[in-house]
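This report concerns the overall fold of one chain and its relation to a second copy.

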There are 2 protein chains.
Amino acid sequence: MPRLYAVIMAGGRGERFWPLSTDSMPKPFIPLLGPRTLIQQTVERLLPLLPPGRMFISIGEAHREIAGRQLPQIPPENFIVEPVGRDTAACLGFCALHIERRDPDGSMVAVPADHYIADAKAYCRTLEKGVDALPRATGVVFGIRPNRPETGYGYIQVEPPGSAGADLSVLRFVEKPDAVRAREYVAAGSYYWNSGIFLWRNRTLLALLHEHMPELYLGLDALRSLIGRDEARAELQRIFVALPRISIDFGVAEKTSGLRLVPAEFAWDDIGNWGALERALPHDDAGNVALGQYVALDARGCITYSDAGTIATFGVSDLIVVQALGKVLVCPKDRAAELKRLIAALGPDGAV
Amino acid sequence: MPRLYAVIMAGGRGERFWPLSTDSMPKPFIPLLGPRTLIQQTVERLLPLLPPGRMFISIGEAHREIAGRQLPQIPPENFIVEPVGRDTAACLGFCALHIERRDPDGSMVAVPADHYIADAKAYCRTLEKGVDALPRATGVVFGIRPNRPETGYGYIQVEPPGSAGADLSVLRFVEKPDAVRAREYVAAGSYYWNSGIFLWRNRTLLALLHEHMPELYLGLDALRSLIGRDEARAELQRIFVALPRISIDFGVAEKTSGLRLVPAEFAWDDIGNWGALERALPHDDAGNVALGQYVALDARGCITYSDAGTIATFGVSDLIVVQALGKVLVCPKDRAAELKRLIAALGPDGAV
């Protein structure tokens, strides 16, 4: 069986969790769900499966330092710095080049650094099922059984499920649906949310990139000999910037036959905005969820987050109240997804 | 004309402006309306009328130190420390004892340390009118022309007004009315809000206390010889604790004939809770008022106060949002008066 490596993808912007997240401190690096940051939780969750020496962190130049400080157990050479963000196809292709230098026969599990996973043990069990399925598959994707007609996620249709718990044949990937289709997908029973977690043999991934994204592969092939050479840095950057900006889902997975889907055994959320904390944290009797000290009096359904002292909600309902980095956000839960509008109003430094 | 002294009354609790105010830092000592604290604003407002050497600060033992730090221009011997709070009749009687040692013929303007006064010049003009009226009066009270049927203030009925701007004869003091009566009072045109600001000849005040509150006067008479003597401290405290707890309004003013009312020329508010900031601070186009940095997007009628970074209100209305001392309060404006319930829920140290 090929040796397993992990690629933890820590790209992304800092807009949706203002004031806690910022462009200089985006979502993976904030302690959104507890005392540890999301990327720290991600590394710890993977430890039962593979040692830190086989974990790679895909990261932008701007966040190399903070990532190193937060993850001292990861060897410095395992931080793969992208000159610019070029979406997940380029990201994973670039990581595959790094892994092949280490182990040409390795396989790679690619996990976003900013997900909520309820149960770390179930998570490892699920990934191990993926490892077991990989010999029979071109690649493995992990799917989440939908419990609501979410329009914010992509879906994956599978062959009608056979024996419970087994891996399934992927029929097709579906982009974020409208509400009507989302309800159909949930009702059908043969659709899963796309978790964004993929498992590939490294060699196969590069071959699939070659087949389905020849322009990207050409760039990667040129990068191959430049990796790790300080004097080739400018050249590497020049080529990387020109790589096409496509996700691995659209660029490769959609076009690939023989993919298998392993249903996740764990509760999952991509924690897209403050509103998602409601699904990831325990509720009090009045439906309030909180991280940090809080007092709720005649308050219902509120989400509070404090990195400092107590947040007191009194006589309000369904609000998000965040105190972080000396700033405060108050907005209704149902406006959480619109936070980008507020960021724009906050001005260029996001702080006013 | 008798020399004028001021007594600035800085008693009171810290409950209504949590988290900014606390029992150890009550309302007079917080920067509620700008960079200066309310007691600092009070002293500065009086400076055109009398020098700091003639201002006395009536204060509880627990707040002597903070008051001294906030008011370095007041001579240390002018801080009159009450062993315990015994309401305003005992407070002003005790202060009168201090003033008579300095100047047996002086007069005293007694002002609460925690009011909002819109216009300091008009304030001084109004007090000067009081000084002019004092020779024709037993005492002078300053009244605020009501602009709404407020049920949270006491009212003072006067003789039907004669020439505009002149002082008026006080008919009676009325306790906080219900809403129906408050509307009647406002409609009648002969009622003023009781500002709690009084002007007395010191000697007259002591005589009135003697006449209307003989028990209190007996206590004060016993205190007279103990003031300023360190070795008599325990004795002073023993007597002070036994003084009756009555306000100057009920204990003296109500029972005194010959009082004159000077109508205030300035906008006034007793800033009873966070909701009052709306009447004391400028509004933006959407009716939001703020102290400290704020951004309001789709937010209307909110009150925000920050002693740290930006408060962002997004898609909410008529909320109070306070960030102070690392804590946060969110409540609807119309619940501001109920904040004591929250304080109780916060536990004994008010901080949880």
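The following text treats chain dimensions, surface and symmetry in turn.

This is a predicted model, in which local features need pLDDT of at least 70, side-chain atom pairs count only at pLDDT 80 or more, and totals for chains, interfaces and linings use all residues. Residues are numbered from 1 along each chain as its sequence is written.

Chain A has 11 helices and 17 strands, taken as DSSP runs (helices H or I, at least four residues; strands E, at least two). Its radius of gyration, 21 Å, is close to the 20 Å of the globule rule for 352 residues, so chain A is as compact as a globular protein of that length. The radius is computed over C-alpha atoms, and the rule is 2.2 Å times the number of residues to the power 0.38.

| Property of chain A | Value |
|---|---|
| C-alpha box along the principal axes | roughly 60 × 55 × 35 Å |
| Accessible surface | about 14,500 Å² |
| Carbon and sulfur part of that surface | 51% |

The areas come from the Shrake-Rupley method with a 1.4 Å probe. Of the 352 residues of chain A, 58% count as buried, meaning under 20% relative accessible area (1.4 Å probe, protein chains only).

A rotation of 180° with 0.0 Å of shift along its axis brings chain A onto chain B, at an RMSD of 0.0 Å. That is the relation of a two-fold axis. The superposition is by least squares on C-alpha atoms of residues with pLDDT of at least 70 in both copies. Among the residues of chain A, A:G326 comes closest to the axis, with its C-alpha at 3.7 Å.

Key
Chains lettered and ligands numbered in written order. Heavy atoms only, no water. Buried < 20%, exposed > 50% of the residue type's maximum accessible area, 1.4 Å probe, protein only.
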